[in-house]
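Let's take a friendly walk through a protein model, moving from the meeting of its chains to the place where its ligand sits. Have the structure open while you read.

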Amino acid sequence: MQGKGTAVCLPADIDTDVVIAGRYLRTKDRSIWATHVFEDLDPSLAARLKGSVIVAGKNFGCGSSREQAAIAIREAGVVAIIAPSFARIFFRNAINIGLPLIESDLTCKEGSTVVFDLSQGWVETEGKRHTIRPLSPRMSEILTAGGLVEYWRAHR
Amino acid sequence: MSTLSERILGAAAGEYVDRKVDRAYAHDGTGVLALEAWNAMGGDRLGKDSDYYIQFDHIAPANNSTTATLQHELREFAKRSFMHFSDIGCGICHQLMSEGIVLPGEIVVGADSHSVTPGAFGAFATGVGATDMAAIWLTGETWFRVPESVGVNLTGRFTGAAEAKDLALTYVEKLGMDGATYRALEFVGESARNLSIDERLVLSNLSVEAGAKAGLFYADDVTVRYLKERGHDVAPQVPESCTYRQELDIDLADVVPLVAMPHRVDTVKPVEALAGLPLDQVFVGTCTNGRYSDLARFARLVKGRKVAVRTIVIPASAAILEKAIRTGVLADIAEAGCTLGTPGCGPCLGYHMGVLGEGEVCLSTANRNFKNRMGVGGEIYLGSVATAAASALKGEITSPEAA
Ligand code: SF4
């Protein structure tokens, strides 16, 4: 799986309450989540996410298990998230909805182009190529299928 | 020799395994999304040989018609598919699973991050998101990466007003909020065995605040007795000597009353350092500190006096509520001027029944104080039940040792 986007830099320890606040959860309307994503961090961020690759600090997605956090980010048009580490439930959730996560210690430069190839295991930015930790075989299968719903549709 | 997680999952740390889930649970928040995913997967009947539960606790009772409609769909689904269903007022999912349902050695998965809580019974209990839960409904199974473990070695006894919550904040501070990511905590040592089930539940509950995948105690005589009273005959688990990836030694005698500062659970200060900070609200409850022993301790401290700030007390389950009524604990709390809520999460996740206004400050016995969690612009300090009682009586953060 390959992808490309413009880097948006975020700090460490982004929790899922900040990704999408509890007050927006009680709906099935996904566009609401996309509109209010990261609102409590920076209200102007949602509008800048289309076609972006989020490059964040460690422990991205900690806290609540709310899958709406991963959905909100994907629905806002984010191509992938790169961070040195992710909270484990967020990791599963993102892969389960088909949003690629990349574990890498990349230095973020806002607006730079980020290219990645998950099957070959690298991410490239600012003319430098970094190797990344591969996903487990099961997670790659789920991601390649487009998410866990699609995976189970194909595997039953 | 294996860690408890390795024993229960039947493989060595680092391996990926597919395992039958003994018990799977979801609540009104995550259940709605899981049901959507289930429908999209073409779900028809539940996977065999697992027990499935849905508990309504997050917005209970429903706060508006949108919520009520979503809950109605999920309620109908739970009944139609023969899940164990607990409606509003029964209590918080983690507490219900801890009242004689989860047993030692089981694999338990909940669609909520605090599903680490029943690890207190020697089960491997962990949280997942909604789509993972839908897949478990479908197959009764899921995959795990067997975690490395951190041994949290407990010695000594509490002194002064320190309690399990202060101990939990102590280890979260030491590990940091991602210090145990992808790992399990195992609470061991002579003092782990001296802790009551209620105290163990507090320690297991907070383990996810250090990023952990699970927080386990070995089932021992205390566990066996607790489950016996609830109709189960179980055997204790005998620890094997094993190698932990990391070890943390805590002497309970060194634990002092603490508060976690807004907006991070791992940033703590002694309560004393914040003494005098004015409060707008005190909240006692949640899957961390809403158990009978918590309410009884709170009642003992406020009995015959009046709270000086609005104080909300919410029992974690109907069983706790009933016991607190029978023993008079609830009367003491009401007479002290506290407001009572329906068993459930209350304002913990910022939806209803006591959310904060802009600039308001709350001392809460919950487990999480992220920005805006309990209401936009509100500030949450986390502390113990004794700290909540002392602070409620003065209307400002107060050390339980000064009271
Ligand atoms: S009480 Fe709070 S932390 Fe516990 S399950 Fe409910 S919302 Fe989550």
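## Where the two chains meet

Start with one pair of residues: R30(A) makes a salt bridge with E36(B), and their closest N and O atoms are 3.2 Å apart. Keep in mind that you are looking at a predicted model, not an experimental one.

How many salt bridges are there between chain B and chain A? The count is 7. The contact itself draws on 49 residues of chain B and 43 residues of chain A. Put together, chain B and chain A bury about 3900 Å² between them, and 53% of that area is on carbon and sulfur atoms.

## The parts of chain B

Now turn to chain B by itself. Its division gives domain 1 (15–145), domain 2 (148–254) and domain 3 (258–394). Let's follow domain 1 and domain 3 of chain B, whose C-alpha centres lie 27 Å apart. Their contact takes 17 residues from domain 1 of chain B and 19 residues from domain 3 of chain B.

Between them, domain 1 and domain 3 of chain B bury about 1500 Å², with 62% of it on carbon and sulfur atoms. Which residues of domain 1 of chain B lose the most area to domain 3 of chain B? They are I92(B), Q95(B) and H114(B), which together make up 35% of what that side buries. As for salt bridges across the interface of domain 1 and domain 3 of chain B, the rule finds 0.

## Around the ligand

Next, find the ligand. The space it takes is the largest cavity. Why does the ligand lie between domain 1 and domain 3 of chain B? Both of these domains of chain B give residues to the shell around the ligand, so the ligand lies between them.

Who is in that shell? The residues around the ligand are H58(B), I92(B), H94(B), H114(B), T286(B), C287(B), C345(B), C348(B), N367(B) and R373(B). Sorted by class, the shell has 4 nonpolar, 5 polar and 1 charged residues.

Conventions:
Residues numbered from 1 in each chain as written. Chains lettered and ligands numbered in written order. Predicted model: local features only at pLDDT ≥ 70, side-chain atom pairs only at ≥ 80, totals over all residues. Heavy atoms only, no water. Near = heavy atom within 4 Å. 1 Å grid on protein atoms, 1.4 Å probe; cavity = no way out; pocket = protein on both sides within 12 Å on 5 of 7 lines; lining within 4 Å. Sits in = over half its atoms within 2 Å of the grid points. Nonpolar A, V, L, I, M, F, W, Y, C, P; charged D, E, K, R; others polar. Domains from an automatic or database assignment. Contact = heavy atoms within 4.5 Å. Buried area = accessible area lost by both parts, 1.4 Å probe. Salt bridge = Lys/Arg side-chain N within 4 Å of Asp/Glu carboxyl O.
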